[in-house]
Amino acid sequence: GQFNRWLDLPEGGRRPARLMDMIGFDYFKLLDMLTIARSRKHVQRYYGTEETGEFPDRLPPMNIKADVDLAGEFRPIREINNEIRRLTLGAYAPLRYVLLHKQSAYDEKYSTKIRGGDRFFRQVDREESLIHLLRVNLLKRMESSVASFALTIQRQLADVEALLAKIEAHNDSVDEIPIDDIDVDDPAFEALLVGRKVKVLLQDVDRVRWRQDLAEDRERLRALLSAARLVTPERDAKLAAMKGVIADKIHAPINCGNRKILLFTAFADTADYLYRELAPWARDVLGLHAAVVSGTGANRTTLSSVRSDMSSLLSAFSPRSKERPADMAMEGEIDLLIATDCISEGQNLQDCDFLVNYDIHWNPVRIIQRFGRVDRIGSLNTQI
(Lines give C-alpha, C1' and ligand atoms only; values in the text may rest on other atoms or scores of the structure.)
Protein backbone atom coordinates (compact mmCIF):
# COMPACT_ATOMS: atom_id res chain seq x y z
CA GLY A 1 0.00 0.00 0.00
CA GLN A 2 2.78 2.43 0.88
CA PHE A 3 4.55 1.58 -2.38
CA ASN A 4 1.41 2.41 -4.37
CA ARG A 5 1.07 5.71 -2.53
CA TRP A 6 4.71 6.44 -3.35
CA LEU A 7 3.99 5.73 -7.03
CA ASP A 8 1.19 8.34 -6.95
CA LEU A 9 3.56 11.08 -5.78
CA PRO A 10 4.73 13.73 -8.29
CA GLU A 11 7.82 12.70 -10.25
CA GLY A 12 10.12 14.86 -8.15
CA GLY A 13 8.84 13.27 -4.93
CA ARG A 14 9.45 9.64 -5.95
CA ARG A 15 12.85 9.38 -4.35
CA PRO A 16 14.16 6.11 -2.81
CA ALA A 17 14.74 7.79 0.55
CA ARG A 18 11.08 8.87 0.62
CA LEU A 19 9.97 5.31 -0.04
CA MET A 20 12.17 4.04 2.80
CA ASP A 21 10.62 6.56 5.18
CA MET A 22 7.10 5.62 4.13
CA ILE A 23 7.65 1.88 4.50
CA GLY A 24 9.42 2.11 7.84
CA PHE A 25 12.08 -0.04 9.46
CA ASP A 26 9.70 -2.83 10.50
CA TYR A 27 9.33 -3.83 6.84
CA PHE A 28 13.06 -4.46 6.50
CA LYS A 29 13.14 -6.32 9.78
CA LEU A 30 10.34 -8.56 8.51
CA LEU A 31 12.09 -8.98 5.16
CA ASP A 32 15.31 -10.01 6.87
CA MET A 33 13.46 -12.59 8.98
CA LEU A 34 11.70 -14.16 6.00
CA THR A 35 14.41 -13.92 3.35
CA ILE A 36 16.21 -17.18 4.10
CA ALA A 37 17.60 -18.36 0.78
CA ARG A 38 20.66 -16.34 -0.17
CA SER A 39 22.89 -17.51 -2.97
CA ARG A 40 26.66 -17.77 -2.77
CA LYS A 41 27.11 -14.72 -4.99
CA HIS A 42 24.56 -12.72 -3.00
CA VAL A 43 26.34 -13.43 0.29
CA GLN A 44 29.79 -12.76 -1.15
CA ARG A 45 28.70 -9.50 -2.75
CA TYR A 46 26.53 -7.94 -0.05
CA TYR A 47 27.70 -9.56 3.18
CA GLY A 48 31.35 -10.34 2.58
CA THR A 49 33.07 -13.36 4.08
CA GLU A 50 35.74 -11.75 6.24
CA GLU A 51 33.72 -12.14 9.43
CA THR A 52 31.43 -14.99 8.47
CA GLY A 53 34.04 -17.25 6.86
CA GLU A 54 34.53 -18.67 3.39
CA PHE A 55 32.43 -21.09 1.39
CA PRO A 56 34.04 -24.45 0.62
CA ASP A 57 35.25 -25.04 -2.95
CA ARG A 58 32.72 -26.87 -5.08
CA LEU A 59 34.12 -29.71 -7.14
CA PRO A 60 32.49 -30.39 -10.54
CA PRO A 61 29.35 -32.52 -10.16
CA MET A 62 29.44 -36.16 -11.18
CA ASN A 63 26.61 -37.41 -13.37
CA ILE A 64 26.05 -41.16 -13.22
CA LYS A 65 23.54 -42.80 -15.56
CA ALA A 66 23.07 -46.36 -14.39
CA ASP A 67 21.01 -48.99 -16.18
CA VAL A 68 17.94 -50.45 -14.53
CA ASP A 69 18.75 -54.16 -14.53
CA LEU A 70 22.19 -55.73 -14.08
CA ALA A 71 20.86 -58.78 -15.94
CA GLY A 72 19.89 -56.58 -18.89
CA GLU A 73 16.39 -58.08 -19.11
CA PHE A 74 14.32 -55.01 -18.17
CA ARG A 75 12.58 -53.44 -21.14
CA PRO A 76 14.02 -50.17 -22.55
CA ILE A 77 12.65 -47.03 -20.95
CA ARG A 78 11.17 -45.96 -24.31
CA GLU A 79 9.01 -49.09 -24.35
CA ILE A 80 7.99 -48.59 -20.72
CA ASN A 81 7.00 -45.00 -21.57
CA ASN A 82 4.92 -46.20 -24.52
CA GLU A 83 3.10 -48.64 -22.25
CA ILE A 84 2.41 -45.89 -19.74
CA ARG A 85 1.03 -43.64 -22.49
CA ARG A 86 -1.32 -46.43 -23.59
CA LEU A 87 -2.87 -46.61 -20.11
CA THR A 88 -6.32 -44.99 -20.05
CA LEU A 89 -6.10 -44.54 -16.22
CA GLY A 90 -9.89 -44.56 -16.31
CA ALA A 91 -10.04 -45.45 -12.62
CA TYR A 92 -9.12 -41.83 -11.88
CA ALA A 93 -11.49 -40.19 -14.40
CA PRO A 94 -15.07 -41.28 -13.60
CA LEU A 95 -16.63 -38.23 -15.26
CA ARG A 96 -15.14 -39.35 -18.58
CA TYR A 97 -17.68 -42.20 -18.63
CA VAL A 98 -20.84 -40.30 -17.59
CA LEU A 99 -23.61 -40.85 -20.14
CA LEU A 100 -24.19 -37.93 -22.49
CA HIS A 101 -27.70 -37.11 -21.24
CA LYS A 102 -26.44 -37.09 -17.63
CA GLN A 103 -23.42 -34.82 -18.13
CA SER A 104 -25.19 -31.51 -17.56
CA ALA A 105 -26.17 -32.52 -14.01
CA TYR A 106 -22.54 -33.38 -13.17
CA ASP A 107 -21.25 -30.20 -14.78
CA GLU A 108 -23.60 -28.22 -12.58
CA LYS A 109 -22.58 -30.15 -9.46
CA TYR A 110 -18.80 -30.17 -9.86
CA SER A 111 -17.77 -27.35 -12.21
CA THR A 112 -16.26 -24.18 -10.76
CA LYS A 113 -17.18 -20.72 -11.97
CA ILE A 114 -14.13 -18.68 -12.97
CA ARG A 115 -13.94 -15.48 -10.93
CA GLY A 116 -14.95 -12.33 -12.76
CA GLY A 117 -16.67 -14.04 -15.67
CA ASP A 118 -19.39 -16.39 -16.85
CA ARG A 119 -17.03 -19.21 -17.86
CA PHE A 120 -16.75 -22.46 -15.91
CA PHE A 121 -13.78 -24.72 -15.26
CA ARG A 122 -15.20 -28.20 -15.76
CA GLN A 123 -14.24 -31.02 -13.45
CA VAL A 124 -13.88 -33.36 -16.42
CA ASP A 125 -11.06 -31.13 -17.68
CA ARG A 126 -9.43 -31.29 -14.26
CA GLU A 127 -9.53 -35.08 -14.46
CA GLU A 128 -7.77 -35.12 -17.83
CA SER A 129 -5.05 -32.88 -16.40
CA LEU A 130 -4.72 -35.28 -13.47
CA ILE A 131 -4.28 -38.19 -15.89
CA HIS A 132 -1.32 -36.43 -17.54
CA LEU A 133 0.24 -35.82 -14.12
CA LEU A 134 -0.25 -39.47 -13.15
CA ARG A 135 1.59 -40.60 -16.28
CA VAL A 136 4.47 -38.23 -15.59
CA ASN A 137 4.52 -39.35 -11.97
CA LEU A 138 4.94 -42.96 -13.08
CA LEU A 139 8.00 -41.97 -15.07
CA LYS A 140 9.34 -39.95 -12.14
CA ARG A 141 8.93 -43.00 -9.92
CA MET A 142 10.72 -45.10 -12.55
CA GLU A 143 13.56 -42.56 -12.58
CA SER A 144 13.71 -42.68 -8.79
CA SER A 145 13.92 -46.45 -8.30
CA VAL A 146 12.43 -49.56 -9.81
CA ALA A 147 11.16 -50.46 -6.32
CA SER A 148 9.21 -47.20 -6.06
CA PHE A 149 7.87 -47.74 -9.58
CA ALA A 150 6.65 -51.22 -8.67
CA LEU A 151 4.85 -49.96 -5.56
CA THR A 152 3.02 -47.29 -7.57
CA ILE A 153 2.00 -49.79 -10.24
CA GLN A 154 0.80 -52.15 -7.51
CA ARG A 155 -1.39 -49.43 -5.95
CA GLN A 156 -2.89 -48.48 -9.31
CA LEU A 157 -3.58 -52.12 -10.10
CA ALA A 158 -5.38 -52.51 -6.77
CA ASP A 159 -7.53 -49.44 -7.58
CA VAL A 160 -8.45 -50.88 -11.00
CA GLU A 161 -9.35 -54.31 -9.61
CA ALA A 162 -11.46 -52.79 -6.82
CA LEU A 163 -13.36 -50.62 -9.30
CA LEU A 164 -13.94 -53.55 -11.67
CA ALA A 165 -15.35 -55.57 -8.78
CA LYS A 166 -17.71 -52.74 -7.85
CA ILE A 167 -18.94 -52.35 -11.42
CA GLU A 168 -19.55 -56.12 -11.69
CA ALA A 169 -21.45 -56.11 -8.40
CA HIS A 170 -23.76 -53.23 -9.41
CA ASN A 171 -27.44 -54.06 -9.22
CA ASP A 172 -29.24 -52.76 -12.33
CA SER A 173 -32.63 -53.21 -10.69
CA VAL A 174 -32.09 -50.33 -8.25
CA ASP A 175 -34.32 -47.36 -9.00
CA GLU A 176 -32.51 -44.43 -10.58
CA ILE A 177 -31.78 -41.46 -8.32
CA PRO A 178 -30.73 -38.04 -9.65
CA ILE A 179 -27.21 -37.08 -8.55
CA ASP A 180 -28.58 -33.77 -7.26
CA ASP A 181 -30.89 -35.57 -4.82
CA ILE A 182 -28.21 -37.43 -2.86
CA ASP A 183 -25.47 -36.56 -0.43
CA VAL A 184 -22.34 -38.13 -1.93
CA ASP A 185 -20.75 -38.32 1.53
CA ASP A 186 -23.67 -40.30 3.01
CA PRO A 187 -22.53 -43.92 3.71
CA ALA A 188 -26.03 -45.12 2.75
CA PHE A 189 -25.26 -44.40 -0.92
CA GLU A 190 -21.73 -45.88 -0.90
CA ALA A 191 -22.70 -48.98 -2.90
CA LEU A 192 -24.15 -46.83 -5.68
CA LEU A 193 -21.22 -44.40 -6.02
CA VAL A 194 -17.68 -44.64 -7.35
CA GLY A 195 -14.86 -42.12 -7.16
CA ARG A 196 -12.91 -40.37 -4.45
CA LYS A 197 -13.36 -36.61 -4.19
CA VAL A 198 -15.57 -36.61 -7.29
CA LYS A 199 -18.21 -39.32 -7.07
CA VAL A 200 -20.56 -40.55 -9.78
CA LEU A 201 -23.52 -42.89 -9.67
CA LEU A 202 -22.87 -46.22 -11.39
CA GLN A 203 -26.32 -45.91 -12.98
CA ASP A 204 -25.12 -42.75 -14.80
CA VAL A 205 -22.01 -44.14 -16.51
CA ASP A 206 -21.29 -46.22 -19.60
CA ARG A 207 -20.29 -49.30 -17.65
CA VAL A 208 -19.49 -51.38 -20.75
CA ARG A 209 -16.92 -48.89 -22.07
CA TRP A 210 -15.51 -48.24 -18.59
CA ARG A 211 -15.18 -51.98 -17.87
CA GLN A 212 -13.36 -52.45 -21.18
CA ASP A 213 -10.87 -49.62 -20.47
CA LEU A 214 -10.26 -50.87 -16.94
CA ALA A 215 -9.65 -54.43 -18.19
CA GLU A 216 -7.06 -53.16 -20.68
CA ASP A 217 -5.35 -51.13 -17.95
CA ARG A 218 -5.34 -54.16 -15.67
CA GLU A 219 -3.44 -56.25 -18.23
CA ARG A 220 -0.90 -53.51 -18.93
CA LEU A 221 -0.36 -52.82 -15.24
CA ARG A 222 0.11 -56.52 -14.53
CA ALA A 223 2.75 -56.73 -17.27
CA LEU A 224 4.57 -53.64 -15.95
CA LEU A 225 4.45 -54.94 -12.38
CA SER A 226 5.77 -58.35 -13.44
CA ALA A 227 8.69 -56.70 -15.26
CA ALA A 228 9.49 -54.43 -12.30
CA ARG A 229 9.41 -57.28 -9.77
CA LEU A 230 12.04 -59.17 -11.76
CA VAL A 231 14.55 -56.44 -10.86
CA THR A 232 15.36 -57.55 -7.32
CA PRO A 233 17.81 -55.56 -5.17
CA GLU A 234 20.53 -57.98 -6.29
CA ARG A 235 19.83 -57.01 -9.93
CA ASP A 236 19.21 -53.29 -9.32
CA ALA A 237 21.93 -51.57 -11.38
CA LYS A 238 21.27 -48.14 -9.91
CA LEU A 239 21.54 -49.46 -6.36
CA ALA A 240 24.80 -51.19 -7.26
CA ALA A 241 26.14 -47.91 -8.69
CA MET A 242 25.14 -46.15 -5.46
CA LYS A 243 27.08 -48.67 -3.41
CA GLY A 244 30.10 -48.03 -5.62
CA VAL A 245 29.85 -44.26 -5.09
CA ILE A 246 29.62 -44.69 -1.31
CA ALA A 247 32.52 -47.14 -1.15
CA ASP A 248 34.72 -44.91 -3.34
CA LYS A 249 34.01 -41.89 -1.14
CA ILE A 250 34.84 -43.76 2.05
CA HIS A 251 38.07 -45.22 0.67
CA ALA A 252 39.17 -41.91 -0.87
CA PRO A 253 37.59 -39.04 1.15
CA ILE A 254 37.66 -35.59 -0.45
CA ASN A 255 38.42 -34.07 2.98
CA CYS A 256 40.71 -35.97 5.32
CA GLY A 257 38.74 -38.20 7.67
CA ASN A 258 35.28 -37.09 6.48
CA ARG A 259 33.06 -40.14 5.93
CA LYS A 260 29.71 -38.37 5.77
CA ILE A 261 27.29 -38.72 2.84
CA LEU A 262 23.89 -37.03 2.44
CA LEU A 263 21.61 -38.91 0.04
CA PHE A 264 18.44 -37.18 -1.20
CA THR A 265 15.42 -38.71 -2.93
CA ALA A 266 12.07 -37.17 -3.84
CA PHE A 267 10.01 -40.18 -2.70
CA ALA A 268 9.58 -41.74 0.73
CA ASP A 269 9.21 -45.18 -0.89
CA THR A 270 12.66 -44.84 -2.44
CA ALA A 271 14.12 -43.57 0.85
CA ASP A 272 12.78 -46.63 2.69
CA TYR A 273 14.08 -48.94 -0.04
CA LEU A 274 17.56 -47.38 0.06
CA TYR A 275 17.73 -47.59 3.84
CA ARG A 276 16.60 -51.21 3.79
CA GLU A 277 19.26 -52.16 1.23
CA LEU A 278 22.12 -49.81 2.10
CA ALA A 279 22.08 -49.53 5.89
CA PRO A 280 23.05 -53.14 6.77
CA TRP A 281 25.64 -53.21 3.96
CA ALA A 282 27.18 -49.88 5.03
CA ARG A 283 27.39 -51.01 8.66
CA ASP A 284 28.81 -54.47 8.00
CA VAL A 285 31.14 -53.69 5.08
CA LEU A 286 32.18 -50.06 5.61
CA GLY A 287 31.57 -49.56 9.33
CA LEU A 288 29.10 -46.69 8.73
CA HIS A 289 25.96 -46.03 10.73
CA ALA A 290 23.02 -44.95 8.58
CA ALA A 291 19.66 -43.26 9.12
CA VAL A 292 16.59 -42.39 7.07
CA VAL A 293 14.46 -39.25 7.56
CA SER A 294 11.23 -38.74 5.64
CA GLY A 295 8.12 -36.61 5.93
CA THR A 296 6.04 -39.69 6.65
CA GLY A 297 7.71 -39.90 10.05
CA ALA A 298 9.08 -43.43 9.57
CA ASN A 299 12.58 -42.45 10.69
CA ARG A 300 15.09 -45.18 11.55
CA THR A 301 18.78 -45.60 12.27
CA THR A 302 21.30 -48.39 12.81
CA LEU A 303 22.79 -46.36 15.68
CA SER A 304 20.81 -47.73 18.61
CA SER A 305 22.01 -45.06 21.05
CA VAL A 306 20.22 -42.27 19.12
CA ARG A 307 16.49 -41.58 19.21
CA SER A 308 14.61 -41.71 15.90
CA ASP A 309 13.16 -38.18 15.95
CA MET A 310 14.44 -35.87 13.21
CA SER A 311 16.29 -33.49 15.52
CA SER A 312 18.28 -36.28 17.18
CA LEU A 313 19.16 -37.93 13.87
CA LEU A 314 20.33 -34.68 12.27
CA SER A 315 22.40 -33.81 15.35
CA ALA A 316 24.07 -37.21 15.21
CA PHE A 317 24.78 -36.74 11.51
CA SER A 318 26.11 -33.18 11.76
CA PRO A 319 27.04 -32.66 15.44
CA ARG A 320 29.28 -29.62 14.96
CA SER A 321 26.94 -27.54 12.82
CA LYS A 322 23.96 -28.62 14.91
CA GLU A 323 25.90 -27.69 18.08
CA ARG A 324 25.31 -31.01 19.77
CA PRO A 325 26.36 -30.82 23.45
CA ALA A 326 29.75 -32.38 24.19
CA ASP A 327 28.27 -34.76 26.76
CA MET A 328 26.20 -36.39 23.99
CA ALA A 329 29.26 -37.32 21.92
CA MET A 330 29.20 -40.78 23.47
CA GLU A 331 26.04 -41.51 21.46
CA GLY A 332 28.18 -41.83 18.34
CA GLU A 333 27.69 -40.41 14.85
CA ILE A 334 25.68 -41.22 11.75
CA ASP A 335 27.71 -41.06 8.54
CA LEU A 336 25.11 -41.96 5.90
CA LEU A 337 21.87 -39.98 5.96
CA ILE A 338 19.09 -40.88 3.50
CA ALA A 339 16.38 -38.23 3.34
CA THR A 340 13.46 -36.83 1.39
CA ASP A 341 13.06 -33.11 0.77
CA CYS A 342 11.56 -32.62 4.23
CA ILE A 343 15.09 -31.53 5.25
CA SER A 344 16.09 -29.81 1.99
CA GLU A 345 15.82 -26.32 3.52
CA GLY A 346 16.54 -24.69 6.85
CA GLN A 347 19.03 -27.31 8.05
CA ASN A 348 22.74 -26.81 8.78
CA LEU A 349 24.41 -30.05 7.75
CA GLN A 350 27.80 -28.75 6.65
CA ASP A 351 29.70 -31.36 8.66
CA CYS A 352 28.96 -33.37 5.51
CA ASP A 353 30.97 -32.75 2.33
CA PHE A 354 29.27 -35.11 -0.12
CA LEU A 355 25.68 -34.85 -1.40
CA VAL A 356 23.96 -37.25 -3.80
CA ASN A 357 20.70 -36.69 -5.69
CA TYR A 358 19.44 -40.24 -6.20
CA ASP A 359 16.69 -38.72 -8.33
CA ILE A 360 15.80 -35.25 -9.60
CA HIS A 361 12.93 -33.36 -7.94
CA TRP A 362 10.08 -31.88 -10.00
CA ASN A 363 11.07 -28.41 -8.79
CA PRO A 364 14.61 -27.23 -9.71
CA VAL A 365 14.60 -24.90 -6.69
CA ARG A 366 14.57 -28.03 -4.52
CA ILE A 367 17.84 -29.15 -6.09
CA ILE A 368 19.45 -25.82 -5.20
CA GLN A 369 18.06 -26.10 -1.67
CA ARG A 370 19.51 -29.59 -1.33
CA PHE A 371 22.98 -28.31 -2.25
CA GLY A 372 22.59 -25.59 0.35
CA ARG A 373 22.65 -28.12 3.20
CA VAL A 374 26.39 -28.70 2.70
CA ASP A 375 27.42 -25.62 0.68
CA ARG A 376 27.40 -23.26 3.64
CA ILE A 377 29.57 -20.63 5.26
CA GLY A 378 31.43 -21.95 8.27
CA SER A 379 32.08 -25.39 6.83
CA LEU A 380 35.35 -26.95 7.99
CA ASN A 381 35.57 -28.76 4.67
CA THR A 382 37.92 -27.21 2.11
CA GLN A 383 35.92 -28.73 -0.75
CA ILE A 384 32.55 -30.36 -1.31
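Visitor: Why is Asp57 called exposed?
Guide: Exposed means over 50% relative accessible area, buried means under 20%, and partly exposed is in between (1.4 Å probe, protein chains only). Asp57 has 53% relative accessibility, so Asp57 counts as exposed. By the way, this is a predicted model, where local features need pLDDT of at least 70, side-chain atom pairs count only at pLDDT 80 or more, and totals for chains, interfaces and linings use all residues. Residues are numbered from 1 along each chain as its sequence is written, and side-chain values use heavy atoms, leaving out hydrogens and water.

Visitor: And what makes Tyr27 partly exposed?
Guide: Its relative accessible area is 39%, so Tyr27 falls in the in-between class.

Visitor: Where does Tyr27 lie?
Guide: In helix H3, and helices here are DSSP runs (H or I, at least four residues), numbered from the N terminus.

Visitor: Which residues lie closest to the centre of the largest pocket?
Guide: That pocket holds about 1,200 Å³ of space. Of its 35 lining residues, the closest to the centre are Met62, Asn63, Ile64, Val356 and Asn357.

Visitor: How many residues of its lining are nonpolar?
Guide: The lining has 23 nonpolar, 3 polar and 9 charged residues. Ala, Val, Leu, Ile, Met, Phe, Trp, Tyr, Cys and Pro count as nonpolar, Asp, Glu, Lys and Arg as charged, and the others, Gly among them, as polar.

Visitor: How far apart are Asp57 and Gln383?
Guide: They are 326 residues apart in sequence, yet 4.3 Å apart in space, C-alpha to C-alpha.

Key. Helix = DSSP H or I, 4+ residues; strand = E, 2+ residues; numbered from the N terminus. 1 Å grid on protein atoms, 1.4 Å probe; cavity = no way out; pocket = protein on both sides within 12 Å on 5 of 7 lines; lining within 4 Å. Points joined across faces, edges and corners; volume = space filled by probe spheres on them.
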